[in-house]
Structures are given as structure tokens and as C-alpha cells.
Amino acid sequence: MAFTIDLTQGFVHDARNAVLLLAGMFGGPWVAAIAYVLAMATRALIGVGPGLATAVASGAVAIAVGAAGHRSVIARGRAWTLGTAAAAAALAFGGMVPIFAATPLSDDIKWPAIVAVTVVFAPASVLGAIVLQ
């Protein structure tokens, strides 16, 4: 979260959801829950504003998909492949698009940010999964 995209007051995009997804994918639900609490506490320190609800909801999607992926891949003794990691990232970040779309930002700020986050952080999650594997 050292490099952020500050959209406007209270709205910050960073790699938080990619990290939460990977925590769930490799650590399972307990690790994902701990990472979620820490990430949301950090987000709250950034500022309690209109973007906090978006962060809470999108982070919940990330850990849910990651933990479900852990159950279907790691817990069954399999390894993450490029295809399964890509499916998890697509499901997670695809699930976040409606959350980001519902933010009370103007479309000229919101949609470029959604595209940027999806185009950067979904592939970063896949690469992270392959490297961690």
C-alpha cells in the first residue's frame, strides 16, 4: 500500500485487495480474516470518509474469493495454476466492479479508476499467485 492512486478526498486505490486475495488463496480463511482486519484498520487510519465503505466491501469480496479458492485448490492438495489463479482474480475483481461502480464519484473519475485497478491488480494477483506457488 506504499503506492496509491488518490482519486479524491476519501477515495484511495492501492494493492490492498490483491494482497487480501493472495492471503486467502494461500493462507485460507483465518489468514485472510487477519489480513482483512489489518488492512481495514490501516484504511481507517487513512481516513474515515465515503471510500471506507467501498474498501470494506471490496476487501470482503477479495478474502471470500481467496478463501474459497484455498478450499478448492490448496486444501485438496493441488497447486495454483495460471488458469485457476486467473479465474480467482477475475472472479474477485469482477465482483468488485459493481462495488466500485456504486461509489458516489463522477463517472470521469470513477470509470478510469475501475479500469486501472482491474487492469493492474487482477494480473498482479495472478503473477503473485504463480510466484508464491
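Good morning. I begin with S58, which sits in helix α2, residues 51-72. Helices here are DSSP runs of H or I of at least four residues, strands are E runs of at least two, and both are numbered from the N terminus. The model is predicted: local features need pLDDT of at least 70, side-chain atom pairs count only at pLDDT 80 or more, and totals for chains, interfaces and linings use all residues. Residues are numbered from 1 along each chain as its sequence is written, and side-chain values use heavy atoms, with hydrogens and water left out.

S58 counts as buried because its relative accessibility is 2%; buried means under 20% relative accessible area, exposed over 50%, and partly exposed in between, with a 1.4 Å probe and protein chains only. The side chain of S58 makes a polar contact with that of N17, at 3.1 Å. Such a contact is a pair of N or O atoms within 3.5 Å; within protein, one must be able to donate a hydrogen and the other to accept it, and residues adjacent in sequence count only if both atoms are side-chain atoms. Setting aside neighbours within four places in sequence, S58 is in contact (heavy atoms within 4.5 Å) with N17, M96, I99 and F100.

Let me turn to the chain as a whole. Four helices and two strands are present, in the order β-β-α-α-α-α along the sequence. Of its 133 residues, 42% count as buried.

The largest nonpolar core holds 31 residues, and L20, L21, M25, F93 and M96 have the most contacts inside it. A nonpolar core is a set of buried Ala, Val, Leu, Ile, Met, Phe, Trp, Tyr and Cys residues joined through side-chain atoms within 4.5 Å. Helix α1 gives the most to this core, with 11 residues. Beyond four places in sequence, the contacts of L20 include A35, Y36, G59 and I63.

Which residues form an aromatic pair that is tilted? They are F26 and W80, at 6.4 Å centre to centre and 50° between the planes. Rings of Phe, Tyr and Trp (its six-membered ring) pair if their centres lie within 6.5 Å; planes under 30 degrees apart count as stacked, over 60 as edge-to-face and the rest as tilted. F26 lies in helix α1 and W80 in the loop between α2 and α3, so the pair ties together parts 54 residues apart in sequence. F26 is partly exposed at 24% relative accessible area, whereas W80, at 5% relative accessibility, counts as buried.

Thank you.
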